[in-house]
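Please open the structure in your viewer and keep the selection panel at hand. The stops below can be followed in order.

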Amino acid sequence: MTDQNAPLILVVDDYQDAREMYAEYLQFSGFRVAEAKNGNEAVDQAFALKPDLILMDLSLPGMDGWEATRRLKADEATRHIPIVALTGHALAGASEGARKAGCDSFVTKPCLPDDLVVEVRRMLSATKHI
Amino acid sequence: MTQLSVRSVPRAPAATATPSSRLELLEYYLAHHDDLALCAQASLEWLARHAGVKRSICLIVDAESSLLAGLAGTGVRTEDVELFSWPLSDPRDPLVAALSHTGPTALRGGRTNGEDRGASSTLFGGGSSTAIPLRPGRASDETAIGLLLVKAAIVLTPDVAWLVTVLSQKIDQIRGRGSLAEEARRLRRERALFFTIINSVTDPILLTDTEGRLIVANARAEKLFAASEEESEGRRRAVELNNMLFSAALSRTAVETPSEARELLLVDPSDGSDLLFEVLSSTVEDPREGTGIVSVLRNITDLRRATEQIEENYQKLRVAEAAARAERDRLNLIIDSVADPIIVTDQGGATVLMNAPAEELFTVSMTADDTAQRTVQANDAHFSSFISGLLLGEGGPGEIRRGEIGLMNPQTSEPIPVEAIAGKVLTETGELTAVVTILHDRREALERARLYEQLKSASDELQMRVQSATAELATQNELLRRQAIELEQASRLKSQFLANMSHEFRTPLNAILGYTHMLLQGVGGELPANVRRQLQRIDSNGRHLLTIINEILDITRIEAGKMPMQITEFDLNEIVQEVMTELDPVITRSRLAVMPRLAAASSPVVQSDRQKVKQIVVNLLSNALKFTHQGGVEIAVEYVPEERAASISVTDTGIGIAPEHHDKIFEDFRQVDDSPSRQYGGTGLGLAICRRLASALGGRIVLRSNLGEGSTFTLTIPADAPQ
């Protein structure tokens with residue numbers, strides 16, 4: 001069973017298969033996981049759960065990932081939470097846009113669950129060091 | 001001649017002279033004891049007053065010259081008396097005869113007897129008169145010393161007789177004493193007359209001795225040759241100089257022919273100007289005075305000046321004439337040098353002058369054949385009719401007439417259409433003196449016009465063609481432009497579509513690869529070996545599909561110009577090592593030896609897009625491994641700091657590429673063997689992408705290879721990539 005003290009990761013993705021895949025693998029890797037399928041949910045969950053890290057897909061229905069990131073980074077309560085952007089858009093300017101919105105890291109899909117876990121661990125340890 | 005009896009003459013009423021009046025006359029005689037003329041005059045006036053004789057003349061015998069001369073007169077003209085002179089040579093002459101008579105002699109006036117030569121009629125204006133001889137002594141046979149002529153007949157009254165007696169005695173007395181003085185007076189008169197005469201001559205006249213000394217000079221000559229002490233210095237000097245000049249001239253005259261005229265330049269003493277004289281000298285011999293020279297000087301200063309003027313004018317005329325001749329020669333040369341025929345005709349239409357080209361048309365040699373003769377005649381006729389048209393005023397009143405004449409060349413019978421331009425030459429008063437005609441050969445102009453027409457039609461045609469071609473081209477351009485816009489639009493749509501599609505591809509592929517990975521990681525527990533092998537097949541095919549999708553996306557991004565460049569500073573040696581690490585599983589699987597040859601001398605640090613350089617090297621090494629079955633692969637890094645250029649070359653010992661395929665392999669979706677049954681996998685996009693990336697980095701990829709001899713792909717990039 002998952003340790004209650006394990007870091008809580010909020011996985012935000014509108015594509016259920018991908019969201020559940022990452023969530024399952026993160027739990028498998030020992031993290032606590034919460035899920036959100038759009039921007040509004042992501043913001044609500046973030047305020048409610050105060051996760052240790054948010055995996056944020058940028059292309060979302062309704063409020064998109066960029067907007068959600070901007071709101072979270074704009075709020076005192078959630079500003080400290082590292083946000084790793086996930087995107088299938090490899091087109092020019094995608095990563096730049098994500099950084100501008102406030103994302104702390106950027107991962108291009110497809111991303112193997114193993115690679116994602118490596119990135120999550122790196123970000124968490126970096127945050128702790130700070 | 002008639003001897004008149006005095007008594008027969010009727011007594012005329014006359015006043016009787018008183019003794020006191022007689023005494024008065026005698027006293028006058030005493031007062032003027034030596035003047036014959038005055039005494040005679042007083043006597044005649046006494047007669048007029050006391051004896052009633054109003055008109056009378058006293059004549060006196062001049063024995064020396066044998067003349068009867070007038071001495072005094074009353075009631076007559078003085079000059080008749082003074083100029084009266086009557087020869088005594090003819091004793092039959094009534095006047096001369098009267099001198100011998102003892103008593104008065106009646107003289108008839110007019111010309112009744114032919115013997116009267118009119119002496120008394122000269123004195124009294126015609127009519128008869130009486131001559132009374134004057135005798136100082138009583139002897140009547142003595143010749144009288146003079147005559148008293150009175151008008152008409154006279155009564156010899158005692159008063160008249162008394163007067164005749166006393167006058168005769170007085171004349172005799174004076175002549176006896178004073179003939180010398182009388183002579184001197186006469187000489188003075190003559191001398192005065194002489195001077196009056198020579199002074200009235202405007203030319204200077206001089207009498208000099210042979211030495212040139214002045215003896216007599218007239219007033220003109222004195223002005224030139226005589227000066228008194230009172231006169232100015234300049235005038236005296238001029239006179240002195242004139243004398244010297246004149247003497248010199250005279251001495252020459254003495255040697256040379258005397259009578260010949262010669263010129264003498266003197267000075268005008270009054271104003272110092274030059275005066276030129278012509279001197280005519282002649283020698284006079286006088287037994288008493290010796291040899292003298294009479295010189296007459298004629299002022300020819302003005303004459304000389306006029307002569308010089310004439311000479312000068314003549315010279316000018318000569319010069320002007322020469323200039324006119326030269327001008328005419330020059331004009332002839334000019335006219336002859338004009339290529340067009342020029343003809344000058346007079347007002348009657350006759351040819352005055354023509355230049356050489358005109359002569360070719362209008363003259364013909366005598367030996368020329370008939371055709372030439374006829375041609376010249378025809379030319380002449382044409383020309384004459386043209387000129388007469390101008391002379392008759394056809395074609396308006398203008399001074400210029402233009403017309404076309406069809407002439408022929410007499411030598412070749414070739415037709416020569418000419419344009420004739422004729423101009424009238426008018427005098428200042430507007431009279432026609434000549435007509436100048438210039439003939440201009442129009443053949444050249446006609447030929448030019450014909451060529452011009454041809455050229456123009458050709459040009460027009462060409463212009464039309466060009467216009468239609470241009471219009472067509474414009475249409476084509478417009479079509480092309482629209483096509484280009486459409487193509488651009490299509491290309492953009494394609495890129496957008498591909499970008500979207502790749503996203504759509506990735507999402508499910510992400511899930512496929514993710515779950516496969518999770519299963520292989522044992523999320524679902526331990527797997528049987530065959531299931532594991534099957535999952536690995538899913539995994540490798542999924543990865544391949546991802547590569548294809550990524551490569552398509554790259555091409556799309558490059559073509560859409562949306563490939564961002566991220567220039568950083570990095571070391572090419574590191575890139576090679578990273579690539580070898582990344583491809584380690586592939587290298588291991590190929591069982592080939594990969595030899596890195598890094599640039600050791602200097603660190604090959606460049607400013608470029610690290611990710612893209614790495615992508616190229618990965619691609620090149622992957623290809624080398626894929627197409628090499630034995631041997632090895634070498635990766636060499638070179639850096640030339642001087643050229644700021646670096647290169648990474650990948651050399652394999654693989655199958656090699658025939659030179660004809662070298663270009664093909666860089667094309668999109670191409671492999672050397674792109675048949676469906678091809679041996680090697682891959683999208684065929686790898687090298688196409690590499691070449692595009694290299695180009696974006698400012699570099700290039702060069703291939704050296706032959707079939708079966710392996711290949712070397714060399715990436716060369718500048719150390720500073722273009723931004």
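This is a predicted model: local features need pLDDT of at least 70, side-chain atom pairs count only at pLDDT 80 or more; totals for chains, interfaces and linings use all residues.

Residues are numbered from 1 along each chain as its sequence is written, and chains are lettered from A and ligands numbered from 1 in the order in which they are written.

**Chain A**

Select chain A and colour by secondary structure: there are five helices and five strands, taken as DSSP runs numbered from the N terminus (helices H or I, at least four residues; strands E, at least two). Along the sequence the pattern reads β-α-β-α-β-α-β-α-β-α. Of the 130 residues of chain A, 38% count as buried, that is, with 20 or more other C-beta atoms within 10 Å of their own, the C-beta atoms being placed from the backbone (12 or fewer is exposed, in between partly exposed).

**Where the chains touch**

Next, select the contact, which takes 18 residues from chain A and 20 residues from chain B; two residues are in contact if their C-beta atoms, placed from the backbone, lie within 7 Å. On the side of chain A that touches chain B, helix H1 (16–28) and helix H5 (113–129) each supply at least two residues, and H1(A) gives the most, with six residues.

**Two helices of chain B**

Now select residues 572–582 and 610–626 of chain B, helices H14 and H16, which pack at an angle of about 50° with their axes 10 Å apart. Axes are lines fitted to C-alpha atoms, for helices over the stretch in contact, and angles run from 0 to 180 degrees between N-to-C directions. Show Ile575(B), Val576(B), Glu578(B), Val579(B) and Glu582(B) in H14(B), which meet Val613(B), Lys614(B), Val617(B), Val618(B) and Leu621(B) in H16(B).

**Cores**

Finally, look for the largest nonpolar core, which has 44 residues; such a core is a set of buried Ala, Val, Leu, Ile, Met, Phe, Trp, Tyr and Cys residues joined through C-beta atoms within 7 Å. Helix H2 (residues 36–50) of chain B gives the most to this core, with seven residues. Centre on Cys58(B), one of the residues with the most contacts inside the core; not counting residues up to four places away in sequence, Cys58(B) touches Ala40(B), Leu44(B), Leu71(B), Ala72(B), Gly73(B), Gly146(B) and Leu148(B). A second, separate core of 41 residues includes Ile575(B) and Val617(B), which also belong to the contact of H14(B) with H16(B).
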